[in-house]
Amino acid sequence: MTIALSVNGRSVSTSADPATPLIDVLRNHLDLRGTRYGCGLEQCGSCMVVIDGKADYACSREVGSVAGRSVTTVEGLTVDGKMHPLQTAFLEEQAGQCGYCLSGILMSAKALLDRNPSPTRADIVTALDGNLCRCGAHPRILRAVEKAAAMIREGAGQ
Amino acid sequence: MSDTLPLSIVNNRRLEKWLRFEADRSLHLGVGKVEIGQGVLIALSQIAAEELDVDVSRVNILSGDTADAPDEGSTSSSQSIEVSGRSVRLVSAELRQRVLTRLAQRLNCSPSDITVEDGAFHLDDQPTGHDYWNFVGPADYEADITGAAQPKAPSSYRVVGQPVPRKDLIAKVSGAAFIHDMVRPDMLHARMLRQPGRGATLVGLDEAAIRRAAKGAFRVVRLGNFVAFVGADETVVQRAAVAAVTHAKWEGARVLTPEHGEAAWFVDQPADDRLVGDAPTTPTGEVVSAVYARPFVAHAAMAPSCGLAEFRDGHMEVWSHTQGVYPLRNSIADILGLPQDRVIVRHAHGAGCYGHNGADDAALDAAVIAQQLPGHCIRVQWRREEEFGYEPVSTAHRTRIAVELDAAGRPVDWTTEVWAGSHVQRPIYGGLFLAQEALPNPPPPAKPGDPPEANGGGGTRNGTPLYDFAAKRIVHHLALKTPVRTSSLRGLGALPNVFAMECFMDELAERAGKDPVAYRLAVLSDPRARYLVENVAARCDWSNRGPVGTGRGLGLAWARYKNKAAYACVAVELDVDEDIRLRRVWCCADAGLVINPDGAKNQLEGGIIHAASMTLKEQVMLDGDGITSLDWASYPIMTFSEVPEISTEIVHAPDLPTLGMGECTFGPTAAAIGNAVAHALGVRIREMPLTRERIAGVLARG
């Protein structure tokens with residue numbers, strides 16, 4: 001039995017047991033290793049991906065539950081070699097220290113900006129509150145998301 | 001700068017270990033300090049690029065590799081820029097001098113006539129046709145490094161002092177970037193069953209039940225009480241390890257109670273007692289004292305530890321997010337009975353590292369398994385509960401301050417008395433790896449130790465006040481045993497000691513009827529410290545600080561990390577009702593010459609948030625056979641909604657030696673929070689973390 005789903009806009013199928021955690025399928029079966037294991041308990045957000053437009057944990061979700069659905073990982077942010085404004089803004093703000101939390105944070109931020117291109121600081125904080133950052137890069141990360149939102153708005157207006 | 005050569009050069013005299021010009025017109029820079037989230041690689045690259053006049057984008061840095069890069073010990077204690085940065089500067093200046101001297105002979109001119117533009121040599125503003133890549137030869141590398149070349153004057157810097165972006169972050173916002181993401185040929189995944197403490201013996205393991213739960217193929221590697229589940233499918237070995245916890249029977253595990261987790265527990269324990277500083281005197285004036293405490297705290301890195309190892313043809317190759325590849329190489333060789341030249345340890349990036357965490361243990365786990373399964377790469381990934389349960393934690397730490405006052409209420413005799421376990425038990429200082437204690441014939445228990453005062457001390461770190469007091473001393477009670485393994489975490493004793501000392505300064509000011517800032521400045525003659533205190537007091541509008549007990553608090557504290565590294569002053573504004581909510585933080589730091597000001601600010605901000613998290617929320621809980629705070633719900637850290645606005649300033653002092661700054665905000669932040677809470681409430685909480693329960697407790701006592 002195979003499970004078919006869309007990952008980063010590409011149709012993929014996996015022969016993994018449906019009970020396999022989505023994170024293991026992404027990392028070990030599809031070789032998309034930017035989705036990070038942090039706790040396996042839906043507490044830290046390191047494994048966050050976007051599923052059908054909503055940020056969600058990949059660590060404990062079984063791959064069988066995403067059959068036929070659309071999953072975006074951090075690798076899906078770069079399209080045709082061009083970085084997403086979020087990635088550009090995070091680099092411009094040097095919004096990270098160790099960077100382990102960043103792919104989860106980028107995916108939470110992407111889900112936010114896709115549904116709300118003009119978030120307030122409070123909207124961003126709420127969207128990221130399920131993501132932990134241990135190094136204390138929070139102020140830069142918040143600035144970077146604001147900057148990416150502005151870049152997206154300006155791009156859309158061109 | 002100091003006349004003595006940095007240890008990094010003394011131990012690595014060969015130039016080619018540090019610098020090589022490669023065929024692709026890049027500059028290879030080898031260093032022993034490693035990236036642990038602090039941005040050190042770009043700063044060291046900037047220093048080399050500056051001295052050699054090569055564009056910084058050409059620098060390819062190799063950090064932490066026993067096969068190629070220099071041995072610079074461990075990446076710790078805010079020493080990377082002070083020591084490695086100074087070394088890279090001297091080495092780069094020396095290579096430049098050797099090359100230009102030889103070229104000047106060829107061109108019949110003086111070396112000072114030659115200018116270097118992105119690695120190309122010019123004479124009288126005309127290209128010479130020579131550059132580093134076509135001119136540098138073996139002759140330039142023959143002699144050992146002397147350290148005698150004169151580096152550039154800071155006034156001529158073009159790259160140092162600029163906010164050059166880090167290269168490593170690009171991968172970290174794009175995909176695979178960490179040791180956890182490495183894929184090697186013939187790789188097998190492994191998970192550990194951990195021995196619940198030294199001396200526990202595995203008396204039963206229901207392998208059939210574990211296999212039923214794992215739903216797939218794996219093998220068990222067992223050596224004494226060392227047990228690993230190894231297989232091609234990571235999901236399967238993860239399931240096996242989770243199931244094994246309930247299907248393993250241990251005897252002889254330690255028995256702990258919650259009291260073991262309190263700093264006060266150390267007071268009655270056998271200890272190595274020492275006096276540092278002035279001899280005790282018989283007080284003639286009033287003596288006041290107070291006791292402060294911090295519990296055990298965890299590194300709590302975002303990623304559980306990971307290690308990779310492969311054993312092929314009698315050679316062991318290991319990848320680790322360790323702080324020190326050479327010390328780890330030496331330990332692995334020793335423990336596995338291999339010659340050192342048959343073990344290579346290479347650094348690979350891990351999650352933010354704030355001291356001696358599980359990295360080295362995971363690397364040894366992998367190497368032990370690899371030795372049993374030659375020809376494979378063994379990838380050990382710790383589980384979250386394993387990270388929280390088994391990483392070395394920072395010891396609980398109790399600080400009592402006793403001060404003799406003069407008639408004006410100013411201290412004349414200051415005693416900092418410390419009860420704590422060891423703050424550093426790295427294997428190179430006699431500490432033990434987890435696997436060592438689980439393998440057959442474990443070595444005797446580690447003897448507790450602490451760094452000497454010359455290296456900043458451990459429990460005594462920052463315990464001597466830098467105020468103008470006539471007599472100062474530390475009484476240190478280093479416990480001979482700790483209930484769980486303890487080792488270094490960002491600042492060692494600095495945070496609990498500065499918390500105690502700078503909070504007590506506020507208590508003394510209040511007693512004397514003085515403003516806390518004015519009280520400090522009256523006994524503080526160091527001009528660099530005075531500048532910071534005055535700067536932060538002005539920026540936080542200290543002179544308009546409201547009355548005590550309104551629920552809104554403003555507190556300030558400062559310290560010079562290790563009494564010899566960077567200075568920092570921090571002010572915190574917060575609100576207290578049931579909980580504490582940080583509103584704004586102001587910080588000013590003086591670290592001498594700053595290599596990368598944006599990276600430095602990132603470190604200041606991160607240190608403030610990390611320290612605030614520790615002060616307000618963090619406590620490792622002990623009970624049963626070990627640590628019971630095994631997830632982020634039971635060990636909460638600061639979240640996005642709890643982080644305050646932070647304003648940082650760095651003193652521009654390019655002509656003063658660089659001072660390590662990764663840890664300088666740690667103590668001042670904790671103490672500023674303590675002082676702000678006391679200002680908000682009108683009562684003082686002297687025990688961390690400053691939780692809702694503690695606030696309710698002091699308010700109930702009135």
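Trainee: What is the strand order of the open sheet of 3 strands in chain B, and which pairing does it have?

Mentor: The order is 4-5-6, and the pairing is antiparallel. Keep in mind that this is a predicted model.

Trainee: What makes strand 4 and strand 6 of chain B the edges?

Mentor: Count partners. Strand 4 and strand 6 (126–131) each have a single partner strand, so one side of each has no neighbour in the sheet.

Trainee: How do you know that strand 4 and strand 5 of chain B pair?

Mentor: Two strands pair if there are at least two bridges between them. Strand 4 and strand 5 (residues 120–123) are joined by 4 bridges, so the pair qualifies. The two strands run antiparallel. Here is one bridge: Val116(B) has Phe121(B), in strand 5, as its partner.

Trainee: Where does Asn108(B) lie?

Mentor: In the loop between helix 3 (80–107) and strand 4 (114–117) of chain B. Asn108(B) has a phi near 55°, a positive value in a residue other than glycine.

Trainee: Why does Asp186(B) count as exposed?

Mentor: Asp186(B) has 12 C-beta neighbours inside 10 Å. The rule says 12 or fewer, so Asp186(B) counts as exposed. Asp186(B) sits in the loop between helix 5 and strand 7 (187–193) of chain B. Its phi is positive, about 55°, although Asp186(B) is not a glycine.

Trainee: What kind of peptide bond joins Met688(B) and Pro689(B), and what is its omega?

Mentor: A cis peptide bond, with omega about -10°. Pro689(B) is in the loop between helix 16 (666–681) and helix 17 (692–701) of chain B.

Trainee: How many residues does each chain give to the contact between chain A and chain B?

Mentor: Chain B gives 41 residues, and chain A gives 41. On the chain B side, helix 5 (168–172), helix 7 (234–246) and helix 15 (597–617) each give two or more residues. Helix 15 gives the most, with 8 residues.

Trainee: How do the residues on the chain B side divide by class?

Mentor: Into 20 nonpolar, 13 polar and 8 charged.

Trainee: Which domains does the assignment give for chain A?

Mentor: Domain 1 (3–74) and domain 2 (85–157). Their centres, taken over C-alpha atoms, are 21 Å apart. Each domain gives 14 residues to the contact between them.

Trainee: Which elements give two or more residues to the domain 1 side of that contact?

Mentor: Strand 3 (48–51) and strand 4 (54–57) of chain A. The largest share, 3 residues, comes from strand 3 of chain A. By class, the domain 1 side has 7 nonpolar, 5 polar and 2 charged residues.

Technical notes: Residues numbered from 1 in each chain as written. Chains lettered and ligands numbered in written order. Predicted model: local features only at pLDDT ≥ 70, side-chain atom pairs only at ≥ 80, totals over all residues. Contact = placed C-beta atoms within 7 Å. Nonpolar A, V, L, I, M, F, W, Y, C, P; charged D, E, K, R; others polar. Domains from an automatic or database assignment. Buried ≥ 20, exposed ≤ 12 C-beta atoms within 10 Å, placed from the backbone.
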